[in-house]
Amino acid sequence: MAEAYGFSTLRVAAVEPLTSDSVALTFDVPPALAEEFRFRPGQHLTLRRVVAGEDLRRTYSLCTSAAGGPLRVAVKRLDGGAFSGWVLDSLRPGDELEVLPPAGRFGPAVDPLRALRYGLVAAGSGITPVLSIAATVLDVEPGSEVVLVYGNRTSADVMLLEELSDLKDRFPDRLQVLHVLSREEQESELLSGRLDRERLERLLDTVLVDVDEWYLCGPFGMVTGAQQLLLDRGVPERSVHVELFHADAPPPRARESAVSTGTCAVTVVLHGRSTMVPVAPDGPSVLDAVLAVRSDAPFACKGGVCGTCRARCVSGAVEMDVNYALEPDELAAGVVLTCQSHPTTDEVRLEFL
Ligand SMILES: Cc1cc2nc3c(=O)[nH]c(=O)nc-3n(C[C@H](O)[C@H](O)[C@H](O)COP(=O)(O)OP(=O)(O)OC[C@H]3O[C@@H](n4cnc5c(N)ncnc54)[C@H](O)[C@@H]3O)c2cc1C
Ligand code: FES
């Protein structure tokens with residue numbers, strides 16, 4: 001089967017168990033692709049495989065330092081998960097996978113001259129981009145410090161434990177790691193229990209102090225709860241960065257529309273070529289309508305979390321069902337997620353990014 005647009009075929013160099021239900025996957029990057037696969041902290045890869053004609057694409061965050069670390073992701077098995085189950089059960093070193101170059105804007109633009117205190121809060125597999133951010137910041141910004149709070153059920157569930165310990169050994173004065181375990185008693189009562197609002201409040205009063213920039217990644221409830229708590233405590237919105245791996249689809253809702261006809265004329269500019277697609281305001285998303293005629297349209301999650309399907313709306317208007325991927329500055333610049341977009345004017349023009 002031919003590669004999908006934008007994907008490269010990479011060889012899996014290593015598949016290493018991390019816990020009983022997660023593995024680290026390291027890819028070989030041939031010299032010709034080194035530049036394309038250079039990454040920033042907190043970015044992710046989209047992996048693709050076609051099963052019985054179905055195009056499965058899943059996004060996995062890089063978990064190594066962007067300052068020279070290998071191209072590595074960590075995959076946790078999800079019950080009944082089509083892609084994660086296959087990775088854990090069947091993928092072997094030497095196999096090849098289709099991979100999109102690194103993407104995403106979750107991490108900081110690191111700068112050796114900067115001296116900041118970073119507050120990182122992760123739970124479960126949400127450690128992956130957060131570890132990459134911690135490792136890169138510590139490698140590149142000698143004046144910066146990192147406090148990482150990492151929630152899991154038990155110590156056996158802690159992913160990337162060895163990598164966290166190595167980082168702590170390399171930067172004992174600038175990295176603090178606090179493991180919060182919900183189903184295992186620890187010496188400190190503060191660290192035994194769920195990473196809920198009440199516990200985070202207490203951590204904010206004791207160890208997560210004087211933080212300049214926040215990065216949160218984990219299950220929906222934990223991340224949105226922590227984000228709200230920080231905003232309630234007066235932390236500026238621009239300093240709180242969140243990454244979600246999954247969000248349940250919202251219930252259908254009525255949209256405000258200025259559309260006068262049954263379908264809208266949506267023109268998309270994609271890879272230098274423009275195409276007009278008729279899209280019903282209450283029908284499938286703009287992305288699905290575009291994919292019916294342009295298989296080169298970029299996407300992965302189709303759930304509003306990964307940001308792969310971004311486009312700029314340059315004329316007309318669309319309404320998004322949900323947005324968990326775009327930051328306020330992108331929204332202000334007219335960027336939308338096409339997998340969540342429905343036209344609300346007769347004519348719309350979108351330029352894929
Ligand atoms: C930006 C980004 C970064 C990500 N990074 C990582 C990473 O580093 N490591 C990692 O293991 N995963 C990561 N994910 C999640 C990953 O892309 C897949 O969603 C996950 O592996 C499940 O895929 P699956 O095919 O196994 O499950 P599916 O077959 O897609 O789903 C099975 C069931 O679980 C639900 N579901 C899907 N994903 C999740 C989820 N994450 N949490 C809870 N329920 C879910 C589905 O609605 C479905 O009911 C990331 C996702 C995003 C958007
Ligand atoms: S495809 Fe993931 S946000 Fe649209």
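A polar contact is taken as a pair of N or O atoms within 3.5 Å; within protein, one must be able to donate a hydrogen and the other to accept it, and residues adjacent in sequence count only if both atoms are side-chain atoms. The model is predicted: local features need pLDDT of at least 70 and side-chain atom pairs pLDDT 80 or more, whereas totals for chains, interfaces and linings use all residues. Residues are numbered from 1 along each chain as its sequence is written, and side-chain values use heavy atoms, without hydrogens and water.

A polar side-chain atom of serine 84 is placed 2.6 Å from an oxygen atom of ligand 1. For tyrosine 60, an N or O atom of the side chain lies 2.7 Å from a ligand 1 oxygen, and for alanine 82 a polar backbone atom lies 2.9 Å from one. The protein covers 75% of the 910 Å² of accessible area (Shrake-Rupley method, 1.4 Å probe) that ligand 1 has on its own.

The shell around ligand 1 holds 21 residues (a heavy atom within 4 Å), of which Arg58, Thr59, Tyr60, Ser84 and Thr128 come nearest. Strand E4 (54–61) is among the elements giving two or more residues, and its four residues are the largest share.

How values were computed: Chains are lettered from A and ligands numbered from 1 in the order in which they are written.
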